[in-house]
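Hi,

Here is the structure I promised to pass on to you. Have a look at it first, and my notes on what turned up follow below.

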Amino acid sequence: ALPICFKRPHLSYKAPESYFELYPNSSIKLAEQKTPPENAPSVAFYPNSEIRGLPDVSPHVNNSSGLEALPDWLAHNLRRAYYSSVSLTDFHLGRVLDELEESGLANETIVAFWGDHGYQLGELGEWGKCTNYELATRVPLIIRSPNQKRS
């Protein structure tokens, strides 16, 4: 067994400029629903302490509601950086799979890839991962087995 961990796309979302170029400004869409559902219980939300500590974000925290009231320009930049960071992780995973092929170990190796949580990315006024809303619970689970005939 060879466990390999990728930290990204956790905050702070960083990637080389070439990964940002994959996501032109015009391709980034803002959250469709920027506020919580009406009458949503407060337990459905989390204070997002991780994102609150970012220098660009902290001046925009709405302390009365506990939710981030981020301007569109900042939401746009955060989403673009997140997507770029995901693409960087995808690249590195590809490098691992290529090395398995080149070393001749691909036909003897089962690869399991998963994430531990999704991100709200501004939907429902949330930016973090600690909610029960669908976006935060969506995670990738990909298994590559040399003996698997079909998926």
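**Salt bridges, core and cysteines**

Asp72 is partly exposed, with a relative accessible area of 41%. Please keep in mind that this is a predicted model.

Asp72 has a partner: its side chain meets that of Lys34 in a salt bridge, 2.8 Å from N to O. The two sit in distant parts of the chain, 38 residues apart, with Lys34 in the loop between helix 1 and helix 2 (49–52) and Asp72 in helix 3. Lys34 is also partly exposed, at 43% relative accessibility.

How many salt bridges are there in total? The count comes to 4, and I describe two further ones here.

One of them pairs Arg79 with Glu123, whose closest N and O atoms are 3.3 Å apart. This pair again links distant parts of the chain: Arg79 belongs to helix 3, while Glu123 lies in the loop between strand 3 (111–114) and helix 4 (134–137), 44 residues apart. Are these two residues buried or exposed? Arg79 counts as buried, at 7% relative accessibility, and Glu123 counts as buried too, at 14%.

The other joins the side chains of Arg144 and Glu101, at 4.0 Å from N to O. Arg144 is partly exposed at 27% relative accessibility, whereas Glu101 is exposed at 51%.

Now to the nonpolar side. The largest nonpolar core has 19 residues, and those with the most contacts inside it are Tyr13, Ile51, Val57, Leu78 and Trp127. Two elements give two or more residues to this core, namely helix 1 (17–20) and helix 3 (72–103). Helix 3 provides the largest share, 6 residues. As general background, nonpolar side chains tend to be buried together in soluble globular proteins.

Last, the cysteines. A search of the whole structure finds 0 disulfides. Cys130 is accordingly in no disulfide, with the sulfur of Cys5 as its nearest.

Happy browsing, and do write back with any questions.

Best wishes

Methods. Residues numbered from 1 in each chain as written. Predicted model: local features only at pLDDT ≥ 70, side-chain atom pairs only at ≥ 80, totals over all residues. Heavy atoms only, no water. Disulfide = S-S within 2.5 Å. Core = buried A, V, L, I, M, F, W, Y, C linked by side-chain atoms within 4.5 Å. Buried < 20%, exposed > 50% of the residue type's maximum accessible area, 1.4 Å probe, protein only. Helix = DSSP H or I, 4+ residues; strand = E, 2+ residues; numbered from the N terminus.
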